[in-house]
Amino acid sequence: MKKSLLAVLFLTSICFGADRSRYAPDTIVPYLVASVNAPSYIRDIAQYKCDGIRDDYEINLAITDSNTAGYGLIPLSEGTFNLRAPIKPDRNITLEGVGQRSVVKKPSGLWSALTVNAANADTHVHVADSNGFQANDEVYLAANNKTDFSAEYYTITSVVGNIINLTPSVDDAYTTAQSAILTNEFPAIRIGKTGLGSYNRSNVEIKGIKIEGNYANRNSDNKLAYRNSLIEIEASSATESNNIRITDVQLYNATACSIYSHYAKRVFVHGLIANNTKGKANWGIQIGGASRDVVVENCHEVDSNYGFYACEEVNNLSVTDCSFGSNQTSALLIGLNDGPMTFSACNFYDFEKVGMTSTQAGSFGTLIGCNFTQLSSSAYPIMNLTGASTYTLIGNRLIKGTPYAETSSVNISGDDCILLGNYIRHKFTGTAKTSAAVNIASTADDTTVALNRIFDGGGLDINDLGTSSFVLTPAAGAAINDNTD
């Protein structure tokens with residue numbers, strides 16, 4: 001109890017500026033990790049003191065010791081924590097900083113081609129340039145300089161000239177037949193396992209920290225998919241990572257995803273701020289790999305290729321009170337066939353291409369009370385929903401940024417669709433209606449299109465609705481072209 005109280009007093013003192021005099025002489029706050037540039041009075045009371053070079057070592061040591069003791073809370077001081085390998089929270093661990101003053105920083109990206117291609121589980125590689133690689137770095141061997149989901153990761157044991165000696169990871173079961181690239185592009189925080197395996201990481205919380213990626217140092221061609229995300233939640237089809245909370249975290253300059261979730265169950269993301277730089281393989285928040293029971297709320301994500309990306313049989317996804325801005329595509333939904341999924345009270349703004357696109361073949365769920373505002377230079381539809389799914393759109397505002405005559409603002413191809421009370425500003429131009437503001441093709445019964453407002457021409461095309469469709473859409477000067485059989 002005394003140790004828990006001291007930890008709370010520590011966090012309180014950091015937040016409100018108390019000084020060292022609050023603590024008795026020789027007080028040590030259990031499992032407190034102090035950065036190299038933390039105030040001296042904080043370093044004096046910290047159980048673990050970082051050197052500013054390889055701070056992942058002290059943080060992971062604190063996690064291991066805390067988990068062994070059954071304690072659970074790892075407080076990070078203010079200051080900068082420099083990584084050479086990922087932070088790896090264990091089960092029942094809370095990693096908590098003091099907001100944007102606790103900065104976790106990835107190293108500059110290192111990439112080298114191999115002069116001799118590596119085979120599975122090689123213990124050394126010949127690289128074209130070993131500059132920057134160090135012993136104990138975590139590195140990946142990738143098959144090529146494009147997306148490689150199955151890259152193996154290793155730990156460097158030594159660097160001798162351009163020969164790098166490696167130890168294969170004990171918890172990686174991926175096998176890459178032949179590798180041609182060596183890189184240190186690891187996630188800043190890895191929750192669970194990277195690779196196929198038999199264990200997970202459950203009851204983990206990441207709270208009140210800022211993570212800085214290394215997008216400026218990236219290799220412009222190499223993607224490594226989710227491997228170089230800022231936070232990776234990873235398990236396998238056999239064992240999921242459960243009860244993961246990410247709250248009040250700031251993520252900047254991700255090379256791949258801000259957050260990547262794969263085979264995770266019961267994931268809660270709240271208060272996230274993610275500010276990236278649009279480029280190759282930049283996906284913002286990605287929920288995939290049969291993740292389920294995922295809640296994302298009160299988050300803000302900008303400047304990614306895809307602000308929100310969901311794929312591969314996601315089940316029970318809720319996204320609420322979030323904003324996604326200045327992305328190429330605000331939301332991309334593919335391969336979703338478990339549902340239900342709900343987007344409510346979200347703001348998708350200044351997107352360059354499509355606000356939301358879906359090619360999945362399952363139950364989409366509901367899009368309610370959302371706002372879509374397209375950039376004025378975009379020649380794309382606001383929304384493109386296909387894949388023979390059930391789409392329900394209620395009370396949304398969809399504003400097309402520029403007059404454009406060749407593309408509908410909303411394209412929907414699904415079963416049993418409902419469009420109710422939406423406001424759609426198409427900004428159609430031209431003397432003839434070359435494209436409808438809203439184009440709906442549904443082959444099932446019970447499709448309902450009612451009480452929507454469609455402005456600036458283009459009208460509404462309804463094709464092949466079911467036998468019990470109901471259509472009532474007053475629109476300012478917009479014709480209804482009903483092609484139902």
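Helices (H or I, at least four residues) and strands (E, at least two) are taken here as DSSP runs, numbered from the N terminus. The model is a predicted one, so local features need pLDDT of at least 70 and side-chain atom pairs count only at pLDDT 80 or more, while totals for chains, interfaces and linings use all residues. Residues are numbered from 1 along each chain as its sequence is written, and side-chain values use heavy atoms, with hydrogens and water left out.

Strand β7 spans residues 111-118 and holds serine 112. Serine 112 has a relative accessible area of 4%, which makes it buried (under 20% relative accessible area; exposed is over 50%, partly exposed in between, with a 1.4 Å probe and protein chains only). A polar atom of the serine 112 side chain sits 3.0 Å from the backbone nitrogen of aspartate 129. Leaving out residues up to four places away in sequence, serine 112 touches Val127, Ala128, Asp129, Phe133, Ala180, Ile181 and Leu182 (contact means heavy atoms within 4.5 Å).

Next up is helix α3, residues 55-69. Its 15 residues reach 21 Å from first C-alpha to last, close to the 21 Å expected at 1.5 Å a residue (the expected span being 1.5 Å times one less than the number of residues). Buried positions in α3 are Asp55, Asp56, Glu58, Ile59, Asn60, Ala62, Ile63 and Ser66. The strands they pack against are β1 (29-34), β2 (46-49), β3 (73-75), β4 (79-82) and β5 (93-96). After α3 comes glycine 70, with a positive phi near 70°.

As for the nonpolar cores (sets of buried Ala, Val, Leu, Ile, Met, Phe, Trp, Tyr and Cys residues joined through side-chain atoms within 4.5 Å), the largest has 78 residues, and Ile231, Phe308, Phe348, Met356 and Phe372 have the most contacts inside it. Strand β34 (residues 383-394) supplies the largest share of this core, 4 residues. A second, separate core of 13 residues includes Leu110, Val125, Leu141 and Leu166. In soluble globular proteins, nonpolar side chains tend to be buried together.

Now for the cysteines. The structure holds 0 disulfides (pairs of cysteine sulfur atoms within 2.5 Å). Cysteine 299 is in no disulfide, and the nearest cysteine sulfur, in cysteine 322, is 4.5 Å away. Cysteine 299 is buried, at a relative accessible area of 3%. Cysteine 346 is buried as well, at 2%; its sulfur lies 4.7 Å from the closest cysteine sulfur, in cysteine 370, and is therefore too far for a bond.

Note on methods:
Polar contact = N/O pair within 3.5 Å; in protein donor to acceptor, adjacent residues only side chain to side chain.
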